[in-house]
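Here are my notes on this model, for someone opening it for the first time. Please read them with the structure on screen.

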Amino acid sequence: MDKDRDLIDELIRILSEKELSEINFEEKEFKIKIKKDLVEEVKEEITETEIVEEIKEDVNIKDIKSANIGKFYFYDKDGKAIISIGQSIKAGQTIGYISTVGIKTPIKSKIAGTIEDILLKNGEATDYGKILIRVRQIAD
């Protein structure tokens, strides 16, 4: 019996050292299969990744969110873009509008900076609080 325990301990050691997920051992009347639970390792990796991403998040990137429900437009009636990625904008500048039941509500930027990303397509539906645009804020 002690011989079997020693064998099991040795197999577990090999499994860990070699970073294996499973190990099998067979003799005439003895057969053993040991599996490593990968769920815990995956959870640990995800947690570490999330922490690193939170640290890397740029504090100068600000989101401009929808204050209405409707369709978001950043092209004017002539088909010209009101804003584009990489464009500098000023606080108070109109950066698009939301159309709800035929009523156009202009969206004015509350911050000055450079447009990093436009998250919705022109004419795409939006809800209250949905992020429309990401802006790299100009440092004060």
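1. Start with valine 101. This residue sits in the loop between strand 6 and strand 7 (103-108). Strands here are DSSP runs of E with at least two residues, numbered from the N terminus. The phi of valine 101 is near 50°, a positive value in a residue other than glycine. Most residues other than glycine have a negative phi. Valine 101 has 80% relative accessibility, so the residue counts as exposed. The classes are: buried under 20% relative accessible area, exposed over 50%, partly exposed in between, with a 1.4 Å probe and protein chains only.

2. A word on the source. This is a predicted model, in which local features need pLDDT of at least 70 and side-chain atom pairs count only at pLDDT 80 or more, while totals for chains, interfaces and linings use all residues. Residues are numbered from 1 along each chain as its sequence is written, and side-chain values use heavy atoms, with hydrogens and water left out.

3. Now the rings. How many aromatic pairs does the structure hold? There are three. Rings of Phe, Tyr and Trp (its six-membered ring) pair if their centres lie within 6.5 Å; planes under 30 degrees apart count as stacked, over 60 as edge-to-face and the rest as tilted. Tyrosine 73 and tyrosine 97 are stacked, because their ring centres are 5.3 Å apart and their planes meet at 25°. This pair links distant parts of the chain. Tyrosine 73 belongs to strand 4 (residues 70-73) and tyrosine 97 to strand 6 (residues 94-100), 24 residues apart. Tyrosine 73 is partly exposed at 23% relative accessibility. Tyrosine 97, at 15%, is buried.

4. Another pair is tilted. Phenylalanine 74 and tyrosine 75 lie 5.2 Å centre to centre, with 35° between the planes. Is each partner buried or exposed, or in between? Phenylalanine 74 is buried at 9% relative accessibility. Tyrosine 75 is partly exposed, with a relative accessible area of 33%. Ring pairs also join Phe72, Phe74 and Tyr75 into a cluster.

5. Four strands form an open, antiparallel sheet in the order 3-10-8-5. Two strands pair if DSSP finds at least two bridges between them. Strand 3 (61-65) and strand 5 (88-89) are at the edges. Each has a single partner strand, so one side of each is left without a neighbour in the sheet. Two bridges join strand 5 to strand 8 (residues 113-118), and these strands run antiparallel. Serine 88 has threonine 114 in strand 8 as its bridge partner.
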